[in-house]
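These exercises go with the structure shown below. Try each task before reading its solution.

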Amino acid sequence: MESMIRYIKVIGGPPGKEGLLVGLKNGAILKIFVDNPFPITLLKLSTSVRCLDMSASRNKLAVVDEHNTLFVYDNNSKDLLFQEPNANSVAWNTQCEDMLCFSGNGYLNIKASNFPVHQQKMQGFIVGYNGSKIFCLHVYSMSAVEVPQSAPMYQYLEQKMFKEAYQIACLGVTDSDWRDLATEALEGLDFETAKKAFIRIRDLRYLELISSIEERKKRGENDNEMFLADVYAFQGKFREAAKLYKRSGHEPAMKKAVNMYADLCMFEHAQECAGVTDPKVSLKLITKQADWAKSSEEPRTAAEMYLSAGEHMKAIDIIGEHGWADMLIGVARKLDKAERELLAKCAVYFKKLGHHGYASETYSKMGDLKAFLQLHVETSHWEEAISLVKEHPQFNYDVYFPLALWFAENSHFDEAQEAFNKAGLHNEAVKVLKQLTHNAMVENRFNDAAYYYWKLSMQCLDIAREKEDQRKEMLQKFESFQHLAELYYVYRSIQLYTDEPFSSHMPETLFNICRFLLNNLTKDVPPGISKVNTLFALAKQSRKLGAYKLARYAYEKLQELHLPSRFRESVELGSLTIHFKPFQDSKELIEDMMCYRCSTNNPLLQSSVCINCRQPFIYSASSYEVLPLVQFYLEEGISDEEALSLIDLEVPHTDEGHAQGHTTDRGDMQSMRIDDGLDYTEEDPFTATMSFEQGGSTFVPVKVSRSALRSMSRRDVLIKRWPKPLKWEYFRSLLPDVSITMCPSCFKMFHSEDYELLVLQHTRCPYCRRPIDGHNGSTLQQSRFSEFPSLS
């Protein structure tokens, strides 16, 4: 070089063509490229160069001379742009063309464009400036200092140079600086810069405002005062916004001012903006004021204002929600009967508040008879509903259908069926009972399942009596449901024995129950009934009572089935130990299975008919022992009424020294007690009819003639008086010392002592749950209505 080099600055460039700025002692400033031996003179100063730097775009050159003066030149025209004193080093911001910093006298100076210098204390020599970071060399250590760019940014904001301020802010400012920039740009209507700034601080509310303004501009709006008024309103400068709205003079602007003050609950200012001549606006303001009163927890004031503004529906809602029945009935009485919607709303709230009388008055004013009936139904005032529907039978369905559901939910199924019939829904009773039956089976309430199946069977019998086209199908269902009811009724005792630690049944009773269930189970086992439980209970009771052969059979069958873990050990142990018992059953148990028609001892486990004469066994519905009864049939030509008269025609007499059997028929229950003293001889016509052809495979029923009927005593006969289309069934007892009772509802037969004990325990029939009148001197259910005795 022609003079001593005082400062070198690397200014970069392409690989292999990098450049350097060189400041000489004689004041020359040169640009040197590493691939070019010839330096390029950029500028010639009169004093020695101490420090220099070039802007990022290579358009400006900053030089510090030996007099500590900073000079900034235009690199193209070589003109001096400005100069600053007290500088010993300088560096341009690599991210902003118009910003540089220099140090001197213990201060850091930042200058943006032509604005005044911003100073702060800092020791060292400036070697670089990138964004908001300044690199400073102090003695032998290099440090990077973060310097906020707030001051230069505000300098640009003061001059409304929003885009330049945004560029400075991008170098690094605080969130509050970003918000100031966004707000100033928004008030200056520079929506693009404001949008970018609000995006930086993620202020969605202002971004929505800017987006709406941009949409309005796209639609052709160009009133900047309206835009600025919206901005002021958004910022909370409501008076300034109102002034701008008024200045525009347009009706939409005036509406905005009114709405703004109304939203602020400044209703006096809103009235001033709207004027007092427009009644519609006044009503709207009253409505707004009512809304404010409602939100400020002054509901009564709000309701009164709504009524003044004609907003009756809103007023009714407030009054109803707060339960002011007196105020609500006052509103309802002032309303015209043609305002049906408002009156209906009042009635709805009266129902919710439990004011049945007010609701009735409102519906009467409306003249809505159907709603009036529905009110009685919803409030369960069945007396009023039934009396009203008698006068207006066209509403039978609207009353009797919910009444039937109410009966079903309260376990009054007889009344529910009657109500379904009155509603014209004959099949609905069957559906309800089917659903109840299904629920009982799923929940293992087998006693209830048996009862519901019995109810279903009786319902099917009623339908078969009324509808001839469905008679055959209904009678088949009747038989099926009767069978299922008995199976579930029996299985309930087995389930209690296997699932609960204690059982109330005697071993003989459980033994009989298990045999009865297995004898009557078909291939398709009903849902919920467990063959494993039944065989397990049978095995345990058979072993206990000495029926070892039957117990061995039960254990063998159990080993063929999938056993629960709780039974497995007991079954395996029982299967082993039963081999040490005799291979025969107790004679006493076998004798209990004697057929009373042919005196044949039947196996313990077989079908429910005698293996010899095929006569069906009649079981007690409590102990499931075979009752000494034989079913007989009437010869052709004998009607039920004639048979009953013939049986009652003559009552056999016995000696006074012998105890006499007696039958009691109280209408609600038939009870037969046959005591010692009756001796059936060969001359008895009924005994002669019981003969049959030995070795035959078909069942020969016992048919009686008129003479046989005359020879019978009413004490000896039980009659199942089935309703049509079924026929009556007749049974004759063959043992004089057995007392038998038959329920007049379900026609199940019991040993009298067992039946009386069950009635004392449950106050009703254990099978059909028919209440027993006269128990404890009172009736179990007292009648409130002649139609529905259980409606209480």
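## Exercise 1: α24 and α26

The helices α24 and α26 cross in a left-handed manner. The model is a predicted one.

Task: state how α24 and α26 are oriented to each other, and list the residues through which they touch.

Solution. 
1. Locate the helices: α24 covers residues 531–545 and α26 covers residues 565–577.
2. Take the geometry: the axes lie 12 Å apart, and the packing angle is about 40°.
3. List the contact: α24 contributes Val-532, Asn-533, Phe-536, Lys-540 and Arg-543, while α26 contributes Arg-566, Phe-567, Ser-570, Val-571, Gly-574 and Thr-577.
4. Sort these residues by class: the contact of α24 with α26 has 4 nonpolar, 4 polar and 3 charged residues.

## Exercise 2: α23 and α24

Task: describe how α23 and α24 cross, and sort the residues of their contact by class.

Solution. 
1. The axes of α23 and α24 come within 9 Å, with a crossing angle of roughly 135°.
2. Angles over 145 degrees count as roughly antiparallel; α23 and α24 are therefore oblique to each other.
3. The crossing in which α23 passes α24 is left-handed.
4. On the α23 side the contact holds Pro-507, Glu-508, Leu-510, Phe-511, Cys-514, Arg-515, Leu-517 and Leu-518. On the α24 side are Lys-531, Thr-534, Leu-535, Ala-537, Leu-538, Gln-541, Ser-542, Lys-544 and Leu-545.
5. The contact of α23 with α24 divides into 10 nonpolar, 3 polar and 4 charged residues.

## Exercise 3: α4 and α5

Task: find the orientation of α4 relative to α5, then describe their contact.

Solution. 
1. Helix α4 spans residues 191–201, and helix α5 spans residues 204–218. Their axes come within 9 Å and cross at roughly 155°.
2. Because angles over 145 degrees count as roughly antiparallel, α4 is roughly antiparallel to α5.
3. The crossing of α4 past α5 is left-handed.
4. From α4, the residues Phe-191, Ala-194, Lys-195, Phe-198 and Ile-199 meet Tyr-206, Leu-207, Ile-210, Ile-213, Glu-214 and Lys-217 of α5.
5. The contact of α4 with α5 comprises 8 nonpolar and 3 charged residues, with no polar ones.

## Exercise 4: the largest pocket

Task: give the volume of the largest pocket, and say which element supplies the largest share of its lining.

Solution. 
1. The largest pocket holds about 1,000 Å³ of space.
2. Its lining has 35 residues, and those nearest the centre are Gln-631, Lys-720, Trp-722, Glu-729 and Phe-731.
3. At least two lining residues come from each of α22 (471–499), α23 (507–520), β16 (629–634) and β21 (729–733).
4. The largest share, 5 residues, belongs to α22.
5. By class, the lining of the largest pocket has 20 nonpolar, 6 polar and 9 charged residues.

## Exercise 5: the cavities

Task: how many cavities of 30 Å³ or more are there, and which residues line the largest cavity?

Solution. 
1. The count comes to 4 cavities of 30 Å³ or more.
2. The largest cavity contains about 50 Å³ of space.
3. Its lining consists of Cys-595, Tyr-596, Arg-597, Gln-615, Pro-616, Phe-617, Ile-618, Val-626, Leu-627, Leu-629 and Val-630.
4. By class, 9 residues of this lining are nonpolar, 1 is polar and 1 is charged.

Technical notes: Residues are numbered from 1 along each chain as its sequence is written. This is a predicted model: local features need pLDDT of at least 70, side-chain atom pairs count only at pLDDT 80 or more; totals for chains, interfaces and linings use all residues. Side-chain values use heavy atoms; hydrogens and water are left out. On a 1 Å grid over the protein atoms alone, a cavity is a set of points where a 1.4 Å probe fits but cannot get out, and a pocket is an open set with protein on both sides within 12 Å along at least five of seven lines; lining residues have an atom within 4 Å of a point. Grid points are joined across faces, edges and corners, and a volume is the space filled by probe spheres set on the points. Helices (H or I, at least four residues) and strands (E, at least two) are DSSP runs, numbered from the N terminus. Ala, Val, Leu, Ile, Met, Phe, Trp, Tyr, Cys and Pro count as nonpolar, Asp, Glu, Lys and Arg as charged, and the others, Gly among them, as polar. Axes are lines fitted to C-alpha atoms, for helices over the stretch in contact, and angles run from 0 to 180 degrees between N-to-C directions. Angles under 35 degrees count as roughly parallel, over 145 as roughly antiparallel, 65 to 115 as roughly perpendicular and the rest as oblique. A crossing is left-handed if the near helix is turned anticlockwise from the far one by less than a right angle, and right-handed if clockwise. Contact means heavy atoms within 4.5 Å.
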